[in-house]
Amino acid sequence: MKLKSTKQEYKLTPEAIDTVSEEIQEFLTGLKAQKKNIIETRLSSEEILLDLMDKYGSDTEFTFVKSSFFSRQFISFSVKGESFNPLEKAGDEDEFGDWSSALIQNADYTPTYSYDKGVNTVTIRFTKKQMNPVLKMFIAIIAAVLFSLLRFVIGEEAVTYIKESVLDPFYNTFLGLMKTVEVPLVFLSVACGIIGIGDSNVFGKIGRKMVLRFVGVILCFTSIAGVAFMAMFLNLKAHATAKISLKTGVEMLLDLIPDSLAEPISTGNTMQVVACAIFIAVAIVILGTKVKTIAKIINEGNSIIVYMTSLICRLLPVFIFIVLLDMIWSGNAKTFISMWRPIVAFIGVSAALFLGNLFYICFREKVKVNVLIKKMIPTFLIGFGTASSVAANGECAESLNRKMGLNKRFVEFGQPVGGVVFMPTTAINFMVCAIYMASYYKVNVSIMWFLLAIVICTFVAIATPPVPGGAIAAYTVIFAQLGIPGEALAIVIALDILFDFFATAFDGALMQLELIRQAEENNMLNYDVLRKPVK
């Protein structure tokens, strides 16, 4: 669908709101969005406009815009007047905070608010439906296999020339681009998250507790999975003699402190970048309104770097093609084929953690296992079939609220925040790749290495941009910090799409279970609805 930019003026009347709502539904239908996302967006837009009408009156004009920026479509509503954020809730709901905060502003279908030069603007951005990533991968694999046959036609000298003149330069350029965004991506993502969590105007009591709980669960799951992967892929007897030195631990902690602010950037030391981001973000939270402009710059900078990463990742199919073609011509295809082992291990451990958590929730909440599974299956299948958490948002929200009995406001806040922060199986994905590649390339593994891997995989999973191929930057950071050779990066990236399908499905399922648990703790769970069988 080719979008024609439009800008229309309306009065804040019920009739005009109905007209705009119909336009939004038609617009999203043309984008082939999920039906549930269309409904949710229309209802959210109506609620926003009605709140604006209550605030400014039906005689006030508002501007409705449909447009695109670099192929990303968006709609917006603008009203002149005093500052008023229709996304903020009053009364007891302030315990959550502003669910459209900068921490989740990059999520699709999530409204964001801004106030500039006396104009209130609410914007909702959308992602254009793209080709199935698995199809892209298979096209790249088939193309690489077919092109590899040219070797028998053009000869070894021509093959060497193509590798040196085309494949190697593109490969190095692509990785160079990812390394360019690596440091600012990690710094801005971590800083933006901490500023959001620490700001009482953004996250209330329940909201802050929810985010911290998400991080704690990821750390727990990653640690359990890491132990399992160590037992599967590493010779524990060979590493059992490694001594845990207090000196080594102290040196590791002191190494987090750079000699200068320029050192983390020049050396690419990810842990120093994270430490600097935490230190600066905490200072910003403490100083509050005194440095409000700096906090805004960090939030906007995070949006810019995420978008830049999404543009670079559009080259991913070409990169996969080049990597596979080079591996076939170099006789290293067996390395690629051997990756079935970490994939199977990842699926097995993720499934075990999910089932363990499922049985625990069912026992705790006194709900039948088959009843809860039936309510979760639609969201799981959408996530698995599309590798997109955005595509599953509508079904996920409806299941949590109507089928599982979670308070609507709790779902409205918890789902978008969880979709950005709660990435347990994504962290497990990074962990299995790190441990398997460390084993394959015989990297020296110690207890300190393992602990560092847990921390890095956890926080990089949270900082991974929510864009197709965003995990590439994450692998670059993790492998560089853990001493894993660069050639391992090419192998993992080529198969990341397969990991992504399972990670998206399990992340969504585990988030639903975690939100049930947290809703219960906050007295926002209807047990009768949760335990009621699906018709």
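The model is predicted, so local features need pLDDT of at least 70 and side-chain atom pairs count only at pLDDT 80 or more, while totals for chains, interfaces and linings use all residues. Residues are numbered from 1 along each chain as its sequence is written, and side-chain values use heavy atoms, with hydrogens and water left out.

**Asn-120**
- You'll find Asn-120 in strand β5 (residues 119-125); strands here are DSSP runs of E, at least two residues, and helices are runs of H or I, at least four, numbered from the N terminus.
- Asn-120 counts as buried at 3% relative accessibility, where buried means under 20% relative accessible area with a 1.4 Å probe, protein chains only.
- Beyond its neighbours within four places in sequence, Asn-120 is in contact with residues including Tyr-56, Phe-77 and Tyr-113 (contact means heavy atoms within 4.5 Å).

**Aromatic rings**
- Phe-64 and Phe-77 are stacked, at 5.7 Å centre to centre and 20° between the planes; rings of Phe, Tyr and Trp (its six-membered ring) pair if their centres lie within 6.5 Å, and planes under 30 degrees apart count as stacked.
- Phe-64 sits in strand β2 (residues 61-69) and Phe-77 in strand β3 (residues 72-80), so the pair ties together parts 13 residues apart in sequence.
- Phe-64 is buried at 0%, and Phe-77 is buried at 1%.

**Helix crossing**
- Helices α13 (residues 340-365) and α17 (residues 424-440) have axes that come within 10 Å and cross at roughly 145°; axes are lines fitted to C-alpha atoms over the stretch in contact, with angles from 0 to 180 degrees between N-to-C directions.
- Among the residues making this contact are Phe-346 of α13 and Tyr-436 of α17.
- Tyr-436 also belongs to a cluster in which ring pairs link Phe-233, Tyr-436, Tyr-440 and Tyr-441.

Key
Buried means under 20% relative accessible area, exposed over 50%, partly exposed in between (1.4 Å probe, protein chains only). Rings of Phe, Tyr and Trp (its six-membered ring) pair if their centres lie within 6.5 Å; planes under 30 degrees apart count as stacked, over 60 as edge-to-face and the rest as tilted.
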